[in-house]
Amino acid sequence: MSIQSIAVPDSINKIPLSAETEALIDTANEAIEAFLLADTRVIENFVTCDFYLLAQAIHWIEENHLLTGRRFCELGSGFGVGALLAADNGMESVGIEIEPVLTDQSNDLAEHLGSSAKFYCGSFVPRGVTGLLELGSDIKHVDTTEDDVFDEIGYEMSDYDLFFAFPWPGEHIFFEAVFDACASDGAMLLTYQGREGMKLVRKG
Ligand SMILES: C[S@@+](CC[C@H](N)C(=O)[O-])C[C@H]1O[C@@H](n2cnc3c(N)ncnc32)[C@H](O)[C@@H]1O
């Protein structure tokens with residue numbers, strides 16, 4: 001693998017958030033709660049990350065000038081809060097989500113917030129990459145059967161500078177393999193790993 005870890009200090013959880021960022025997170029949490037109360041169908045793979053820690057991690061990455069460009073992509077975006085936070089930081093931001101209802105909810109939330117983030121329904125797992133589907137056969141919480149959505153977006157994975165994902169326990173290896181196979185040198189992958197917090201890697 002040609003990816004290197006970059007240590008994210010535990011102290012990022014002390015970074016103060018702006019009132020605007022807190023308001024964005026509050027609005028998103030209210031929308032998620034309303035959706036979960038109203039929707040009778042359980043979307044098994046949908047759980048949300050710690051949005052405060054994610055906002056703090058994006059802030060820390062920006063403050064340390066770690067990015068080589070301004071394009072952001074959330075892989076498996078759920079309600080899209082990662083992509084909304086990145087857009088709020090001035091990035092050109094998209095989320096990719098396989099569940100149509102979640103894609104609709106995140107586009108509605110973006111419109112409500114006046115955000116430039118855009119959400120696309122389909123898979124982030126690129127077609128035709130040797131070995132990925134075999135690796136994906138052990139992965140239970142990522143859909144590896146649907147077609148990818150990069151043509152519709154108009155950018156390839158190699159066009160993005162920062163990716164974010166919240167993998168299920170043990171599945172971050174798959175996200176790193178997708179990233180390693182398809183991202184450009186210098187691109188970064190941020191993952192939320194529950195109690196272990198945020199993990200950041202750079203390709204190249
Ligand atoms: C653990 S949730 C994380 C949601 C969001 N990123 C967050 O941190 O709050 C993972 C999401 O990935 C979606 N998903 C699973 N396989 C996918 C695929 N191949 N392409 C796009 N989304 C996928 C699921 O429907 C789910 O909403």
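These notebook entries record what I looked up in one predicted model.

**Entry 1. Ground rules.** I worked with a predicted model, in which local features need pLDDT of at least 70 and side-chain atom pairs count only at pLDDT 80 or more, while totals for chains, interfaces and linings use all residues. Residues are numbered from 1 along each chain as its sequence is written, and side-chain values use heavy atoms, with hydrogens and water left out.

**Entry 2. The sheet.** In what order do the strands of the open sheet lie? I found seven strands in the order β1-β7-β6-β5-β2-β3-β4, with mixed pairing. Helices (H or I, at least four residues) and strands (E, at least two) are DSSP runs numbered from the N terminus, and two strands pair if DSSP finds at least two bridges between them. Why is one side of β1 and of β4 left without a neighbour in the sheet? Both β1 (3-6) and β4 stand at the edges with a single partner strand each, so one side of each has no neighbour there. On average, neighbouring strands of this sheet are turned by 25° against each other, direction ignored.

**Entry 3. From β3 to β4.** I next followed strand β3 (residues 92-97), which runs parallel to strand β4 (residues 118-121) and is joined to it by four bridges. I96 has Y120 as its bridge partner in β4, and E97 has C121. Together with helix α4 (residues 100-113), β3 and β4 make a right-handed β-α-β unit; right-handed means that, with the strands pointing away from the viewer, the path from the first strand over the helix to the second runs clockwise.

**Entry 4. Helices α2 and α3.** I looked up how helix α2 (residues 51-63) meets helix α3 (residues 81-88): their axes come within 10 Å and cross at roughly 35°. Axes are lines fitted to C-alpha atoms, for helices over the stretch in contact, and angles run from 0 to 180 degrees between N-to-C directions. The contact (heavy atoms within 4.5 Å) is made by F51, L54, A55 and I58 of α2 and by V81, G82, L85 and A86 of α3. I also noted that α3 lies across β2 (71-75), β3 and β4, running at about 170° to β2.

**Entry 5. Helix α7.** Helix α7 (residues 172-182) packs on the sheet and touches β1, β2, β5 (162-165), β6 (188-192) and β7 (198-203). The direction of α7 makes about 25° with that of β7. How many of the 11 residues of α7 are buried? I counted nine, among them H172, F174 and F175; buried means under 20% relative accessible area, exposed over 50%, and partly exposed in between (1.4 Å probe, protein chains only). The buried residues of α7 pack against several elements, including α5 (132-136).

**Entry 6. Two single residues.** Q56 is found in helix α2 and is buried, with a relative accessible area of 8%. Leaving aside neighbours within four places in sequence, Q56 is in contact with I12, N13, K14, I15 and L17. D161 lies in the loop between α6 (150-153) and β5 and counts as buried at 13% relative accessibility. Which residues does D161 touch, not counting those up to four places away in sequence? I listed L67, T68, G69, R70, R71, A187 and M188. D161 and T68 are 93 residues apart along the chain, yet their C-alpha atoms are separated by 6.2 Å.
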